[in-house]
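I am opening my notebook on a new structure today. I want to look up its charged pairs and its core.

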Amino acid sequence: MSKLTLSILMVLVPSVAMASGYEKTNNFGGRAAGVGGAVIGDTRGAEAVYFNPAGVAGREGFSANLNFSPTFSKFDGKAQFLDRQVEGSRQFSPIFGALFAYGINEKLSIGTGFYAAGGAKAKQENMDYTPLSASYDTLKPTTKADLQLLEYAIGPSYEIMPGLRIGAMWRISMVKADFSFVKESALPAPLPAGSKVLVQTDVTSASATRFNGMKFGIQYEDPAKTWGVGLNWRTEVSFIAKGTSSGTREFNTLAAAATTQSGSAALVGGNATIANAFPQQIALGGYFKVGDAWTILPGYDFTEYSVNRQLDVEGSIGIPVGAQTVTSPLTDISQGWRNQHVFRLGAEYGGFGVLKLRGGYSLTTQVTPTERSKSFISSPGSAHYFNAGAGYALNEMITLDGALEYAFGGGTGFDTADSTTSGDFKSSAFTLHTGVTMNF
């Protein structure tokens, strides 16, 4: 019997961001998103807890940075084991960040925060598999990915000398996800040759918590504050997510078998574990002033997704066939992902005093290989992000920030494991980034 696979668990990633692997290229940040996320060398105060912990230092007192970035994403492509395009429904992901900093003195500060490090929702419903077999007329499978990756961070930041700051954050990473996927499998002897079954498998409440993540940062700003640079390094976090399996099956044919059946029936579920890694990332960035009003912000991120060669899966699921139950092991998934490169460029205009106007663009390189394309994961191609935003200082203590973002990606791909022929895979997302910064 062909082994059922957890193919959908290749999306154990917040892939709202088109070509990204496990995370959204511009995750949140009312201010940061406005300049395309290019703030590694320019972020300060509470906001820096997430973007670069070195920027937490250099100010006495308490500061808070609260962000909410509702994201609406959509994934289209070829259906699993079916030579047909499927269109996904647009899904909502409530991405957020709550960041805080306290300056003990002008040099030493402590930062902490709780935030969505990523989030993904992709769903295709009521898929029709009768082109494979007229017998598949009862089960209308759903392909779904619903994932949250949350982190809590805390750590110190210190200004070594005027303009030179370092910082570190200890990260606690929490993964929770629900998935559904589809597969057609042949049934083994003593059942008749050619007997097949269409299966929708659900993996629910898969979760894991890891305590060994770190983030390190450094910044330098020249004394005249006309330019600055920064670097942020995020360490790799490996995880084993534990959940349960369940599902539904529908037979193609059991001709000449004593157990001939039709219609759909529930699968016999059990425990499942998935092991993989949230890889290390190195982010570089800077800013420089142009005249009295303009600031230009370039940036570059490298994420080592090539470490994700395989998704290690353990567990099994049972297929009822008459009076017997055929047990099928869940198998490992070959990923073969590529390293991710993100190029950023942002600009800010401050010539209106308390009002600042912003714009940004990001280019993300392809992570998902062309030969492993699926309709519910990052599209096999590069992705483009366009951002526009503004910030308004209500007073010396409170600033409001917002940005609009449109992202899209796509390409031609196929999947050798799922017998998916070449087709178009597309993904898009709309995000409203909002934020408020308070300094006391």
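**Entry 1: Asp128 and Lys140.** I began with Asp128, which is partly exposed at a relative accessible area of 27%. I keep in mind that this is a predicted model. Next I looked up Lys140. Lys140 also counts as partly exposed, at 33% relative accessibility. Then I checked how the two side chains are related. Asp128 and Lys140 meet in a salt bridge, 3.3 Å from N to O. Asp128 lies in the loop between strand S4 (108-124) and S5, and Lys140 lies in the loop between S4 and S5, so the pair ties together parts that are 12 residues apart in sequence.

**Entry 2: Glu348 and Arg358.** I moved on to another pair. The side chains of Glu348 and Arg358 form a salt bridge of 2.6 Å, N to O. I found Glu348 in strand S17 (residues 340-352) and Arg358 in strand S18 (residues 355-364). The two are 10 residues apart, and the pair links distant parts of the chain. Are these side chains' residues buried or exposed? Glu348 has a relative accessible area of 11%, under the 20% limit, so I wrote it down as buried. Arg358 is buried too, with a relative accessible area of 10%.

**Entry 3: Arg44 and Glu221.** How many salt bridges does the structure hold? I noted 13 salt bridges. The side chains of Arg44 and Glu221 meet in a salt bridge at 3.9 Å, N to O. Arg44 sits in the segment before helix H1 (48-51), and Glu221 sits in strand S7 (residues 196-221), so this pair ties together parts that are 177 residues apart in sequence. I checked the accessibility of both partners. Arg44 is partly exposed, with a relative accessible area of 32%. Glu221 is buried, with a relative accessible area of 12%.

**Entry 4: the core.** Last, I turned to the nonpolar residues. The largest nonpolar core has 46 residues. Which residues have the most contacts inside this core? They are Leu99 and Tyr115. Strand S5 (residues 143-161) gives the most to the core, with five residues.

Notes
Residues are numbered from 1 along each chain as its sequence is written. This is a predicted model: local features need pLDDT of at least 70, side-chain atom pairs count only at pLDDT 80 or more; totals for chains, interfaces and linings use all residues. Side-chain values use heavy atoms; hydrogens and water are left out. A nonpolar core is a set of buried Ala, Val, Leu, Ile, Met, Phe, Trp, Tyr and Cys residues joined through side-chain atoms within 4.5 Å. Buried means under 20% relative accessible area, exposed over 50%, partly exposed in between (1.4 Å probe, protein chains only). Helices (H or I, at least four residues) and strands (E, at least two) are DSSP runs, numbered from the N terminus. A salt bridge is a side-chain nitrogen of Lys or Arg within 4 Å of a carboxyl oxygen of Asp or Glu.
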